[in-house]
Amino acid sequence: MNILSQILANVIISWSMIFLVGISFLLIFSTARFFHFGHASVITVGAYICYYFIKIIHFPAPISILMGIVVAAVLGYGLELIIFKRMRLNGASSLTLLLASIGGYIVIQNIISLFFGDQIVVLNDSILFSSISIVGSKITAMQLLLIGLAILFLLSKIYLIDKTKLGLALRAVSDNPELASISGIDEDKIMFVAFFLSSILGGIAGIVRAFDIGMTPTTGLDMLLSGVVAVVIGGNGATIGVAVASILLASFQQFASWQFGEMWKDSITFAVLLAYLLLRPQGIYIKSIRKTEV
Amino acid sequence: MEYLIHILIMIFIYSILSVSLNLVSGYAGLISMAHSAFYGIGAYISAIMAFKYQSPFLINFVSAVSLCSLFGALVGIPSLRIRDDYFVIATVAFQIIIFNILNNWVSLTNGPMGISVIQMPIIFGVKLSSHLEFLILIGTLSACIYWISYRVVCSPFGRVLKAIREDEVFALAAGKNIAIFKVLIFVISSGMAGAAGVMYSYYISFIDPTSFTVMESIFIITIVIIGGAGKLFGSVAGAIILVLIPEILRFIGIPSTIEANIRQIIYGGMLVAFIIWRPKGLFGDYIFYS
Amino acid sequence: MNSYLMSIVLEIQGVVKNFNGLKALDDFSCSVQYGEILGLIGPNGAGKTTLFNIISGFLDPDFGTILFKGKDIINMSTHQIVNIGISRTFQNLRLIYQISALENVLLSFKRQPGEQLRNVFFNWKHSLKQEKENREEASLLINEVGLANKLNDPTESLSYGQQKLLSLVCCFAAKSELVLLDEPVAGIAPEMTEKILKIIQKLPTQGTTVIMIEHNIDAIMQVCDRIIFMDAGTKVSEGAPEAVKNDPRVIHAYID
């Protein structure tokens with residue numbers, strides 16, 4: 001086994017997951033304009049529902065996966081309908097939305113813990129689990145699937161979704177919400193699309209994770225945090241930005257794991273984030289000052 | 001009776017934590033998820049010193065509070081460059097990094113295995129001999145911290161904090177050097193959290209990193225919000241209520257296996273409910289702007 | 001020559017400011033005399049508020065110098081500029097709405113010992129004494145403009161006109177030598193406008209120089225000693241109110 005190509009493979013696998021989760025987070029962040037930590041629970045729920053169907057009531061895998069995605073999507077949009085929409089109509093700031101989403105996360109994560117316990121659950125399927133050797137590195141079929149999904153989504157987002165009317169509408173709302181609504185774009189519909197699509201992606205990410213390494217009630221938060229870092233570093237919110245940032249982050253993470261041990265991976269992720277926030281040239285701080293530039 | 005003393009001690013500890021967080025988040029408007037990191041740093045510094053050097057309580061206390069205050073500046077300074085939501089994320093980052101250090105730097109902190117600090121505090125040669133005496137000690141400390149906080153928020157300094165939380169441009173136009181205010185309030189707030197950590201380490205007599213996670217930070221900010229941001233008394237009320245909830249659960253017979261989860265669900269549910277329907281909390285006067 | 005220079009409180013020299021290729025200020029220069037009320041007029045986008053932002057330190061110019069009492073203030077930070085004697089109001093009214101009117105004025109006083117943390121604990125008596133004096137003075141100022149009954153009410157409960165009045169009080173509480181007023185009577189009913197203009201007219205007698213941006217030409221004609229007309233970041237006309245008003249270049253600019 002070639003160390004270098006294994007590391008490269010790990011980076012690509014890691015990139016795929018960070019990118020998928022990052023984009024799912026970005027869909028909500030760019031339209032609803034707040035850090036939706038509750039999304040972590042949507043990722044986790046997708047995985048656990050799939051687990052429930054496969055392992056507890058023994059449904060076939062395709063249906064279970066579908067159920068996981070559907071429930072995640074329903075939950076994700078449900079959070080918007082029940083919590084965020086009314087807060088938005090009352091003029092809630094992004095800080096209060098963030099706090100509410102944290103509350104939502106805690107409730108849902110603990111419900112999962114109640115029903116399934118805190119130990120790790122893994123979905124294995126002998127076909128998907130077998131590893132293949134590619135250029136001296138070991139990759140499982142599941143991981144290949146993940147990479148494929150990520151690339152597929154990256155391409156379809158850039159060449160398909162962004163070019164459709166819907167994609168343009170999403171970007172319009174993200175750029176300038178007031179102008180978008182004056183132009184006749186229905187905010188409710190956009191939020192529905194954003195939350196629904198985001199939750200579908202999140203659910204998929206969670207399910208893949210459960211098949212690949214396994215899942216605990218708090219794994220969704222770990223996954224989300226990496227995605228959030230990629231989105232923040234990715235800068236202006238475009239898909240490409242997140243893709244590139246995810247590569248950087250995945251590289252840092254793998255390097256850190258290799259040199260310092262797996263346990264420092266989180267610290268490296270956040271150290272990278274802090275370095276970026278502190279060192280970037282334009283400084284988001286000036287936002288409030290811009291209001292005087294009339 | 002021991003049980004009552006235990007509850008009161010925990011209420012005092014969380015009052016210190018929530019009052020100090022209220023200074024930074026409620027009065028200065030800087031939501032911080034790093035508070036439990038300072039709580040942990042204070043606890044660990046005092047525990048490590050007691051364990052490794054057998055140094056007396058007062059030395060440990062002063063060292064822990066001083067170092068926490070210094071770390072507080074480390075978080076306060078970035079608040080000058082990073083705004084609102086991104087600042088919250090930055091504090092989460094700081095919190096998780098500190099947790100990882102406490103958990104992974106085994107040679108310093110003993111990692112997940114924790115540190116035992118078996119003795120009771122000895123102050124000026126007098127050794128505390130019961131939990132009741134400890135209660136008096138922490139009650140006094142808590143009162144002092146409350147008094148200091150009260151002085152700060154009622155002063156012109158506190159008034160400037162309230163201006164900063166709502167409109168920094170106004171504060172600048174009034175000639176206030178915002179940077180100094182932000183850094184100083186972080187220094188004070190984190191020092192106080194460190195003090196709570198010291199007391200916690202002596203009381204529980206065994207500490208490990210799991211007491212100082214990001215969930216703990218979220219718990220403390222929940223107390224502040226439910227009690228009311230911008231009113232010190234609210235933080236005390238919030239601490240009393242949220243510390244009592246698990247005791248009530250135990251009282252009505254919820255089995256201990258699911259008690260932790262039920263407790264968290266209640267906390268999370270209360271957080272969401274208050275944010276939606278009563279964002280000012282029970283006694284507060286401030287809703288978080290962006 | 002010396003006595004001429006001594007009479008200039010603010011000297012703006014060759015200020016240039018670009019925003020992403022848009023020229024907001026194009027080599028702008030002017031002098032402001034002690035004790036005068038200078039009006040700044042011109043169409044929207046002429047660069048008036050940008051000029052205020054640069055003078056008051058909220059924005060850095062790309063080129064140019066600004067001398068306040070002979071000292072270059074370009075590199076000073078915003079709060080430093082306030083403390084050496086320049087105050088301003090904002091076109092989009094700025095106040096702290098969640099506290100009382102009195103507290104807004106109290107915030108605006110300079111050199112408060114109680115704002116320094118060490119004085120909060122180690123010199124509390126001194127801080128208390130100054131605070132008491134400030135409270136009395138703030139109440140006086142608020143009473144003078146007729147807002148006595150709103151003293152302790154939360155600022156968000158005041159009407160727009162009252163809030164505008166309050167923002168002026170805050171600006172004057174700092175007792176600055178130079179005051180920049182950005183549309184002080186915009187959106188205000190005639191009675192209140194008269195009240196505000198009378199207050200502005202009295203300022204020079206208290207040692208304060210005023211620069212005032214306004215679209216209300218009557219107000220400008222009533223209180224200003226001198227007017228500058230700006231358009232597209234440049235000074236088009238400068239002089240006595242009547243002269244500028246009748247300047248063909250000014251009329252031309254308004255028609256364009």
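A crossing of two helices is left-handed if the near helix is turned anticlockwise from the far one by less than a right angle, and right-handed if clockwise. Helices (H or I, at least four residues) and strands (E, at least two) are DSSP runs, numbered from the N terminus.

The model you have here is predicted, so local features need pLDDT of at least 70 and side-chain atom pairs count only at pLDDT 80 or more, while totals for chains, interfaces and linings use all residues. Residues are numbered from 1 along each chain as its sequence is written, and chains are lettered from A and ligands numbered from 1 in the order in which they are written.

**Exercise 1.** Describe how helix 3 of chain A passes helix 9 of chain A.

Step 1: take the axes, which are lines fitted to C-alpha atoms, for helices over the stretch in contact, with angles from 0 to 180 degrees between N-to-C directions. The axes of helix 3 (residues 61-89) of chain A and helix 9 (residues 187-212) of chain A come within 8 Å and cross at roughly 140 degrees.

Step 2: classify the angle. Under 35 degrees counts as roughly parallel, over 145 as roughly antiparallel, 65 to 115 as roughly perpendicular and the rest as oblique. Helix 3 of chain A and helix 9 of chain A are therefore oblique to each other.

Step 3: look at the residues in contact (C-beta atoms, placed from the backbone, within 7 Å). Helix 3 of chain A brings residues including A:Ile65, A:Gly68 and A:Glu80, and helix 9 of chain A brings, among them, A:Phe192, A:Phe195 and A:Gly203. The residues of this contact of helix 3 with helix 9 of chain A divide into 13 nonpolar, six polar and two charged. Here Ala, Val, Leu, Ile, Met, Phe, Trp, Tyr, Cys and Pro count as nonpolar, Asp, Glu, Lys and Arg as charged, and the others, Gly among them, as polar.

**Exercise 2.** Do likewise for helix 1 of chain A and helix 11 of chain A.

Step 1: helix 1 (residues 3-32) of chain A and helix 11 (residues 239-260) of chain A pack at about 135 degrees, with their axes 8 Å apart.

Step 2: helix 1 of chain A and helix 11 of chain A are therefore oblique to each other, and the crossing is right-handed.

Step 3: the contact includes A:Trp15 and A:Ile18 of helix 1 of chain A and A:Ser246 and A:Trp258 of helix 11 of chain A. By class, the contact of helix 1 with helix 11 of chain A has 13 nonpolar, eight polar and no charged residues.

Terms used
Two residues are in contact if their C-beta atoms, placed from the backbone, lie within 7 Å.
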